[in-house]
Amino acid sequence: MPKRLLDFRDATAIAGVGYTPFSKNSGVSTLTLACRAVLAALDDAGLSAADVDGLATHRVGDSAPPTLVGPALGLTGLSWHLDQFGGGSVSHAVVGQAALAVAAGMAETVVCYRAINARSEFRMGGTGRGLPVSPEVQYQAPYGYVAPPQQYAMYARAHMLRYGTTAEHFGALAVTQRANAVKNPRALMRTPITLEDYLASRWIAEPFRLLDCCLETDGACAVVVTTAERARALRRPPVLISAAAWGGGQSHLSGAAGDPTVTAAAELAPRLYAQAGLGPADVDVAEIYDCFTYSVVVQLEDYGFCPKGEGGPYVASGATALDGPLPVNTHGGFLSEGYVHGVNHIAEAVSQLRGEAGDRQVPGAEVALSTAQPGYVLPATSALILRRA
Amino acid sequence: MAGHRPEPDRDSREWWERIARHEFAVQRCAGCGVDRFPARAFCPACRGEEWRWRAVEPEGRVESWIVARQPFVPGVAVPYVVVMVRLSAVPDGLAYGNWRGGREPRAGERVRGVYREEGDVTLVDWEPAG
């Protein structure tokens, strides 16, 4: 960690969260989705558009940038904004950078949002968007290796071959998260599933079945970042940002990949925990980027909840269930709630720490970890540790 | 299968030209001697910008594979197998290609690249080294 890192532990807070409904076809533009989520988050915090002086988002050319959302909402007093290129790997970096901007005094109230018509327009899991991101795809696309489900399946199999991870391990995670979604009125998929249902679901890219893959979703989600002091005076219980870390790693697309079963999160986790002054044993609830079942398994290892290679048995033991020692993806995650590219994980962590998660509430949750895509598609990742004030 | 055409960039054009001549080449840094793949202008070990092409046998070991069942590429029939190969010549280098084994790959097995003409493009598939 840099010696002169600004100590911003618990200096800022998330004061509000906002959602649009999640659907297969929103019928509206990403700009409209973004504006609705921003306004909903402000309302949740007890703030108005006039209070906003910062906007931030992440996208891959598929959403509304702050330079559109600001004017659309008549926000004329912005002193800070961020429009970060990147998919789910930078979702938590955006909130971290907003926290830094607030801690540094460049803005006082920043709304971080992600709006995406991921089902009806830009399908992240497909190829309709062309082949962007990296010149390295030229070595892959000619062979029909183009989509995230294929890429994650490739790394999942490497993990299976090395550590004996099984389909039943992945299935246990899908079943557990669906059980959480059953208790979440916002979730798109609320029908309980069994391990047999998982094993019977159709192949996408072996070793991945349909129920290994997240739900491409239309929707938007936003969170309000402000100073901890100001948050304490607002409508909702503030949730403190105890740590925010992000950074790069090795490319897993091609080249310089020493071990494909280790993600960039392994390098990031020690910095994150050091910032918060906490460790994995202190985490009460974890909202872990689940673009696929395997992304959770590998992150449970890389964030230190179990030894390397034991993520599969850890999940199958029931450890990640709502009543387990580490409830994971309490809202159902991207696999069952919906896919809003990282931000709905942050918002769920906030709901849990505020004690407002209804039937799926983890009793006494005080510390939450929330993570971004762990660095398989872009060599970068990010994460937050949040704490009840 | 007929998938996407490769889209060479200024760093990789010569690599593809050599593949078209059925020469599998990696880059060797002139400064520190480290071999690298895929093609790029800088050595990630010493940041040197001087290098030469080095023809190597297209050999490696199977690191992983998938069986594509959902047609993500229009016009390409499923199923097909994509294999991830760790190159013998570049320990950190991972190459991808279609599998021509007639059976599923095996973890860690030795494989060799075989050239496939796809229209006016040459691609590299992989088969058991025997």
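Predicted model: local features only at pLDDT ≥ 70, side-chain atom pairs only at ≥ 80, totals over all residues.
## Ground rules

Residues are numbered from 1 along each chain as its sequence is written, and chains are lettered from A in the order in which they are written. Local features need pLDDT of at least 70 and side-chain atom pairs count only at pLDDT 80 or more, while totals for chains, interfaces and linings use all residues; side-chain values use heavy atoms, without hydrogens and water.

## Helix α8 of chain A

Helix α8 of chain A spans residues 265–276. Helices here are DSSP runs of H or I with at least four residues, and strands are E runs of at least two, both numbered from the N terminus. The helix has 12 residues and reaches 16 Å from first C-alpha to last, close to the 16 Å expected at 1.5 Å a residue. That expected span is 1.5 Å times one less than the number of residues.

Its buried residues (under 20% relative accessible area; exposed is over 50%, partly exposed in between; 1.4 Å probe, protein chains only) are A:A265, A:L268, A:A269, A:L272, A:Y273, A:Q275 and A:A276. Seen down the axis, they fall within an arc of 150 degrees, so they line one face of α8(A). The arc is taken from the directions from the helix axis to the C-beta atoms. Their cover includes β8, α9, β10 and β11 of chain A, where contact means heavy atoms within 4.5 Å. A:G277 follows the helix, with a positive phi near 70 degrees.

## Aromatic pairs

Rings of Phe, Tyr and Trp (its six-membered ring) pair if their centres lie within 6.5 Å; planes under 30 degrees apart are stacked, over 60 edge-to-face, the rest tilted. The count is 20 pairs over all chains. One of them joins A:Y289 and A:F334, edge-to-face, at 4.7 Å centre to centre and 85 degrees between the planes. A:Y289 lies in the loop between β9 and α9 of chain A and A:F334 in helix α11 of chain A, so the pair ties together parts 45 residues apart in sequence. Both residues are buried.

## Salt bridges

A salt bridge puts a side-chain nitrogen of Lys or Arg within 4 Å of a carboxyl oxygen of Asp or Glu. A:R387 and A:D10 form one of them, at 2.6 Å, N to O. A:R387 lies in strand β11 of chain A and A:D10 in the segment before β1 of chain A, so the pair ties together parts 377 residues apart in sequence.

B:E63 and A:R162 also meet in a salt bridge (4.0 Å, N to O). B:E63 lies in strand β4 of chain B and A:R162 in helix α4 of chain A, so this pair joins two chains.
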